[in-house]
Amino acid sequence: MAEPIRNKRADPPIAPTPQNTPLNTAPISSHAQQPGVASIKEEDLDRAAAASIFAKDPRLVSLIQGRLGSLVGRSSGYIESLPTDVKRRVAGLKGIQKEHSKLEADFQEEVLQLEKKYFAKFTPLYQQRAAIVNGQTEPTEDQVQAGEEDEEEDDETEAAPKEKASESAEKVSGIPEFWLSAMKNQISLAEMITDRDEEALKSLTDIRMEYLDKPGFRLIFEFAENEYFTNKTITKTYYYQNESGYGGDFIYDHAEGDKINWKEDKDLTVRVEQKKQRNKTTKQTRIVKKTVPTESFFNFFSPPKAPTDDDESTTSDIEERLELDYQLGEDIKEKLIPRAIDWFTGEALAFEELDEEDFEDAEFDDEDDEDDEDASEDQDDEDESDEDDEDGSKPKQEAAECKQS
């Protein structure tokens, strides 16, 4: 019978993984640190080659997304492994959290009621604005004076000669193209407005908003008589779900837009393509016209529908469009309507850019510059120490020691 090899080397340590680590009872408290690896070097990935593979086989992308999606929310087994008394306490904390969620829902409901209360106070101001924009009335002296208080003296002196020129020019009613100009200064809306849309949007006389009896809101676009459609108003309504989401916030459900009654050959959401066809037998040619969808702001009133199939690529695209559509509605409700004059003059755009810059500065620091400065200081210290070693002079050594201390 052979004897065991006494000097056999122990197996090299293996990093713990879900496959080789048994599911033991989790400790309640432990001073052990999380296992880690000092450094892992991965081979460089040829991103172009990977993109080419995914582009050739979209089903592979869908398969990977499906597999990864199936892992979301799956339990790791930790909670299930806790002692019974601890799991009871966890259940108690969940009960407390439910009470907290109810208070959050009450908070959001009270915020909504507060918004409605002040919206009723804002409404007369919006009505005055619409009357001035459409030339139905003129602002009072007090309103004009209040608007000029924040202007600089230079602006007031430059405005004087322009006032004389306007008196001799043809009299203009209201503020022409007020809403079109305001919308073109709002970045998210400007990207949707085409050159063809502008002619129709010049007849836009007012944009209003109203709350629904149930959670949601309606945007109302009022138009003067125009050559494109017969609608006097075009509305779009955003609906929220009845149940609140995580944190008590309202959850967006869907949107519905009015049908636009386009006049003949004036539909801005489509374009007509002409194609010449030749008969193989008679050699005669004919022109075939085909109507195809095209980009237009008025597609805003035909919101995307929620996905119904299981196609991951289609679902992802529609979800992005739904999110964008909802964000556009929120921008009109929260930004454009309350501060239309600031978007018309461009002042709101300046403030919005300033806020974005402040956010970026707060979130991101120039770490590379700091690293470069630290590296240069370290290099200077090394250079000085090298010079001290070469010279061998005690005063320089003492100075270097004082500097390091």
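First, the rule I worked with: a salt bridge is a side-chain nitrogen of Lys or Arg within 4 Å of a carboxyl oxygen of Asp or Glu. I also kept in mind that this is a predicted model.

Entry 1: I looked up Glu225 and found a salt bridge to Lys263, with the closest N and O atoms 3.6 Å apart. This pair links distant parts of the chain, 38 residues apart. Glu225 sits in the loop between strand E2 (216–223) and strand E3 (233–240), and Lys263 in the loop between strand E4 (252–257) and strand E5 (270–278). I checked exposure too: Glu225 is exposed, at 59% relative accessible area, while Lys263 is partly exposed at 28%.

Entry 2: How many salt bridges does a search of the whole structure find? I got 13.

Entry 3: Another one of interest is Lys202 with Glu177, where the closest N and O atoms are 3.8 Å apart. Lys202 lies in the loop between helix H8 (195–201) and strand E1 (204–211), and Glu177 in the loop between helix H5 (153–168) and helix H6 (178–185), so the pair ties together parts that are 25 residues apart in sequence. Lys202 is partly exposed, with 35% relative accessibility, and Glu177 is partly exposed with a relative accessible area of 35%.

**Entry 4: a bridge by Arg339.** I then noted Asp342 with Arg339, a salt bridge whose closest N and O atoms are 3.9 Å apart. Arg339 counts as exposed, at 53% relative accessibility. Back to Lys202 for a moment: salt bridges that share partners join Glu177, Glu199 and Lys202 into one network.

**Entry 5: a charge without a bridge.** Is Arg129 buried or exposed? I found Arg129 buried, yet without a salt bridge. The nearest side chain of opposite charge belongs to Asp206, 4.9 Å away, and the cut-off for a salt bridge is 4 Å. Arg129 is part of helix H3 (residues 84–133). Leaving aside neighbours within four places in sequence, I listed its contacts as Trp179, Ile207, Ile337, Pro338 and Ala340.

Entry 6: I picked out Glu319, which lies in helix H9 (residues 312–336) and is partly exposed, with a relative accessible area of 46%.

Notes
Residues are numbered from 1 along each chain as its sequence is written. This is a predicted model: local features need pLDDT of at least 70, side-chain atom pairs count only at pLDDT 80 or more; totals for chains, interfaces and linings use all residues. Side-chain values use heavy atoms; hydrogens and water are left out. Helices (H or I, at least four residues) and strands (E, at least two) are DSSP runs, numbered from the N terminus. Buried means under 20% relative accessible area, exposed over 50%, partly exposed in between (1.4 Å probe, protein chains only). Lys and Arg count as positive and Asp and Glu as negative; His and the chain ends are not counted. Contact means heavy atoms within 4.5 Å.
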